[in-house]
Amino acid sequence: MATKIRLQRGGRKGYAFYSIVIADARAPRDGRFTEKIGTYNPNTNPATVDLNFDRALYWVEVGAQPTDTVRTILKKEGVYMMKHLRTGVKKGAFDEAAAQKKFDAWKDEKAKGFEAVRQQEAKAKKEAAAKELEAEKKINEAIAQKVAEKKAAAAAAQAEAEAPAEEAAPAEEAPAEA
């Protein structure tokens with residue numbers, strides 16, 4: 001029986017969520033499977049992968065053929081790197097401890113790269129928020145200036161309206177006394 005490592009779709013319309021499963025090559029995509037070894041959520045940034053590393057490594061070493069997407073996921077998680085290192089141990093190139101040390105160094109390097117990307121995204125998001133705030137402040141200042149101009153114009157118009165009325169009232173009183 002030829003086995004494949006493939007994605008099995010779940011989730012609602014427009015919001016896909018996948019299970020990483022071991023299935024017979026003849027089984028339909030969302031059909032019967034042998035074992036579930038993880039999940040893949042492409043809706044998050046970066047995509048979230050929850051993988052049973054040991055079982056994935058076992059199935060890759062046994063000869064299960066992954067689909068293109070699953071192969072990419074397994075490479076990013078380090079399954080193929082560990083398979084490569086275990087092959088080196090079997091051939092006698094180095095021992096198990098050296099292989100684990102190399103894998104840990106590779107995993108740390110990968111984690112630093114992800115952390116750098118996350119920091120850049122956070123910095124970009126912070127800068128975008130600062131730019132939005134600055135633009136909003138400028139708009140608010142312009143609105144406040146327009147409101148102040150309207151109030152000044154209204155106050156000036158009211159002062160002009162009151163000034164002729166006050167001048168007219170004393171003028172009428174002066175001729176009455178004479």
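**Surface, shape and core of the predicted model**

The protein exposes about 12900 Å², of which 54% is supplied by carbon and sulfur atoms. The structure is a predicted model. Of its 178 residues, 20% count as buried.

The overall dimensions come next. Along the principal axes, the C-alpha trace of the protein spans about 130 × 40 × 20 Å. The radius of gyration is 36 Å, whereas a compact globule of 178 residues would have a value near 16 Å.

The secondary structure consists of 4 helices and 5 strands. Followed along the sequence, these elements are arranged in the pattern β-β-β-β-α-β-α-α-α. Among contacts between residues at least 6 apart in sequence, 35% join residues at least 24 apart.

In soluble globular proteins, nonpolar side chains tend to be buried together. In the present model, the largest nonpolar core has 20 residues, and those with the most contacts inside it are Ile5, Ile20, Ile37, Leu51, Leu74 and Val79. At least two residues of this core are supplied by each of the strands S1 (3-12), S2 (15-24) and S3 (35-41), and likewise by each of the helices H1 (53-62), H2 (68-77), H3 (79-91) and H4 (96-177). The largest share, 4 residues, comes from H1.

With its neighbours within four places in sequence left aside, Val79 is in contact with Leu51, Phe53, Ala56, Leu57, Val60 and Leu74. Two of these partners, Leu51 and Leu74, are themselves listed with Val79 among the residues with the most contacts inside the core.

Key
Residues are numbered from 1 along each chain as its sequence is written. This is a predicted model: local features need pLDDT of at least 70, side-chain atom pairs count only at pLDDT 80 or more; totals for chains, interfaces and linings use all residues. Side-chain values use heavy atoms; hydrogens and water are left out. The radius of gyration is taken over C-alpha atoms; the globule rule is 2.2 Å times the number of residues to the power 0.38. Buried means under 20% relative accessible area, exposed over 50%, partly exposed in between (1.4 Å probe, protein chains only). Contact means heavy atoms within 4.5 Å. Accessible areas come from the Shrake-Rupley method with a 1.4 Å probe; for residues, only the protein chains shown count as cover. A nonpolar core is a set of buried Ala, Val, Leu, Ile, Met, Phe, Trp, Tyr and Cys residues joined through side-chain atoms within 4.5 Å.
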